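Please look through the model shown below.

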Amino acid sequence: TFAAPKVEDALLLAIATALCAGIGEETLIRGAFQPVLGIVPSAFLHGIMHAQFHHAPELVLQISVWSCCVGIVRRFTNTTTTIIAHATFNLIFVFLFAYNP
């Protein structure tokens with residue numbers, strides 16, 4: 001059996017994931033691809049980056065739609081804003097997934 005995760009472990013995992021994915025993906029997608037390809041193609045590429053998960057077709061579509069919204073935010077603000085949004089999103093959901101007593 002698996003022991004219930006400690007809050008500290010779940011929080012550490014969530015922070016690491018939030019920072020790595022938030023900074024890495026947003027720098028690549030919004031900073032490099034979006035200025036060259038545009039919002040929709042770069043959002044679709046962002047969705048494809050997550051196709052390794054079990055529910056790939058639905059997840060690719062959901063992430064692509066979310067990524068279009070973040071791409072619009074990037075269009076009117078900057079990449080730092082999207083990094084903060086992405087990191088916050090990942091922090092919350094990875095923590096809730098990892099710490100599920």
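**Overall layout**

Of the 101 residues in the protein, 30% are buried; here buried means under 20% relative accessible area, exposed means over 50%, and partly exposed lies in between, with a 1.4 Å probe and protein chains only. This is a predicted model, in which local features need pLDDT of at least 70 and side-chain atom pairs count only at pLDDT 80 or more, while totals for chains, interfaces and linings use all residues. Residues are numbered from 1 along each chain as its sequence is written, and side-chain values use heavy atoms, with hydrogens and water left out.

The protein has 4 helices and 0 strands, and its pattern along the sequence is α-α-α-α. Helices (H or I, at least four residues) and strands (E, at least two) are DSSP runs, numbered from the N terminus. The C-alpha trace spans about 50 × 30 × 15 Å along its principal axes. Contact means heavy atoms within 4.5 Å. Of the contacts between residues at least 6 apart in sequence, 64% join residues at least 24 apart.

**Helix 1 and its buried side**

Helix 1 covers residues 7–37. Its buried residues are A10, A14, A18, A21, G22, E25, E26, I29, R30 and Q34. Against what do the buried residues of helix 1 pack? They pack against helix 2 (39–48), helix 3 and helix 4. Helix 1 also has a kink of about 30°, centred on E26; the bend at a residue is the angle between axes fitted to the seven residues ending there and the seven starting there. Just after helix 1, G38 takes a positive phi of about 105°.

**Around E26**

Why does E26 count as buried? E26 counts as buried because its relative accessibility is 0%. Not counting residues up to four places away in sequence, E26 touches A21, G31, V70, T79, T82, I83 and H86.

Two of the side chains around E26 make polar contacts with its own side chain: T82 at 3.2 Å and H86 at 2.6 Å. A polar contact is a pair of N or O atoms within 3.5 Å; within protein, one must be able to donate a hydrogen and the other to accept it, and residues adjacent in sequence count only if both atoms are side-chain atoms.

E26 also takes part in a salt bridge, with R30 as the partner and 2.9 Å between the closest N and O atoms. The rule for a salt bridge is a side-chain nitrogen of Lys or Arg within 4 Å of a carboxyl oxygen of Asp or Glu, and by this rule the count comes to 1. Side chains of opposite charge can pair when their charged atoms come close. R30 and E26 are 4 residues apart in helix 1, about one turn of the helix. An α-helix has 3.6 residues a turn, so residues three or four places apart point the same way. R30 counts as buried because its relative accessibility is 0%.

**A residue of helix 3**

Helix 3 comprises residues 56–76, and I63 has its place there. Is I63 buried or exposed? I63 is buried, because its relative accessible area is 15%. Leaving aside neighbours within four places in sequence, I63 is in contact with H46, G47 and H50. From I63 to Y99 the separation is 36 residues in sequence and 23 Å in space, C-alpha to C-alpha.

**The surface**

The protein exposes about 6600 Å², and carbon and sulfur atoms supply 75% of it. Accessible areas come from the Shrake-Rupley method with a 1.4 Å probe; for residues, only the protein chains shown count as cover.

Which residues make the nonpolar surface patch of about 790 Å²? The patch is made by L11, I15, L19, I23, F89, L91, I92, F93 and L96. The elements that give two or more residues to it are helix 1 and helix 4 (79–98), and helix 4 supplies the largest share, 5 residues. Patches are made of residues with over 30% relative accessible area and no salt bridge: like charges are joined within 9 Å, and nonpolar side chains (Val, Leu, Ile, Met, Phe, Trp, Tyr) within 5 Å.

One of the patch residues, I15, is found in helix 1. I15 is partly exposed, because its relative accessible area is 38%. A16 also lies in helix 1 and is partly exposed, with a relative accessible area of 40%. The C-alpha atoms of A16 and N90 are separated by 9.6 Å, although the two residues are 74 residues apart along the chain.
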